[in-house]
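Hi everyone, thanks for making time.

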Amino acid sequence: MGFLPVLAFEGGTRRNIPKFEVGTLLYLRVVKANFGMNPELSCTDASGKAAEFGPLKDGYMFETSTGLSRKLLSSPACPVLEALGKKLSFEIAVGLNGRVWVNAASPDTIVVVANAIMNSECLSGAQQIIMVDHLLKNIQ
């Protein structure tokens, strides 16, 4: 749960209110979070531009541990994402809350990417690369 003001969208005014259906998946940033209060969310970056924030269309959202989400966002790049990115074309959005959204041209690609990410949590970098190679051989 969080608080998302009407003016937290690029071009959002009292007359221009963005409308979303219940259950719409949004990629947001947390502006303010205090203990005992719902966090304040925004669909714009610090300069007021929408950037990459907004509704996430299509794709598949799944939950992982917060530790895995931090690994996916880490620098240098996560081995499983690097290995998948060399062979497959897909989009990914990772939140520090453990939620991951994946989208690709085909449902098969989405399933492979989601499974590879979920299975990579307890594997070393070398094991992740071997697992991705094995998954990609199975789908070809």
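Okay, before anything else: what you see is a predicted model. Helix 2 and helix 4 are roughly parallel to each other, because their axes cross at roughly 30°, and an angle under 35 degrees counts as roughly parallel. If you want to find them, helix 2 covers residues 79-87 and helix 4 covers residues 125-139. Their axes come within 8 Å, and the crossing is right-handed.

So who does the touching? On the helix 2 side we have P79, V80, A83, L84 and K87. Helix 4 answers with G125, Q128, I129, M131, V132 and L136. Sort those residues by class and you get eight nonpolar, two polar and one charged.

Now, helix 4 has another partner. That's helix 3, residues 107-119, and the axes of these two come within 10 Å. Which way does helix 3 run relative to helix 4, parallel or antiparallel? The axes cross at roughly 155°, and that makes the pair roughly antiparallel, since the cut-off for that is over 145 degrees. This crossing is right-handed as well.

The contact here uses V112, A116 and N119 from helix 3. From helix 4 come M131, V132, L135, L136 and I139. By class, that's seven nonpolar, one polar and no charged residues. Keep an eye on M131, V132 and L136 of helix 4: they turn up in the contact with helix 2 and again in the contact with helix 3.

Let's zoom out. How many helices and strands does the chain have? Four helices and seven strands. Going along the sequence, the order is β-β-β-β-β-α-α-β-β-α-α. As for overall dimensions, the C-alpha atoms fill a box of roughly 55 × 35 × 25 Å along the principal axes.

The chain is split into two domains: domain 1 is residues 1-55, and domain 2 is residues 57-137. Their C-alpha centres sit 26 Å apart.

Last thing, from the database side. UniProt, in an unreviewed entry, puts a feature called "domain: K Homology" at residues 59-107. In the model, that stretch is 37% helix and 31% strand. And where do its ends sit? The end C-alpha atoms of residues 59-107 are 8 Å apart.

That's my tour, happy to take questions.

Key:
Residues are numbered from 1 along each chain as its sequence is written. This is a predicted model: local features need pLDDT of at least 70, side-chain atom pairs count only at pLDDT 80 or more; totals for chains, interfaces and linings use all residues. Side-chain values use heavy atoms; hydrogens and water are left out. Domain bounds come from an automatic or database domain assignment. Axes are lines fitted to C-alpha atoms, for helices over the stretch in contact, and angles run from 0 to 180 degrees between N-to-C directions. Angles under 35 degrees count as roughly parallel, over 145 as roughly antiparallel, 65 to 115 as roughly perpendicular and the rest as oblique. A crossing is left-handed if the near helix is turned anticlockwise from the far one by less than a right angle, and right-handed if clockwise. Contact means heavy atoms within 4.5 Å. Ala, Val, Leu, Ile, Met, Phe, Trp, Tyr, Cys and Pro count as nonpolar, Asp, Glu, Lys and Arg as charged, and the others, Gly among them, as polar. UniProt positions are given in the numbering used here, feature names are shortened, and annotations may be inferred rather than shown by experiment.
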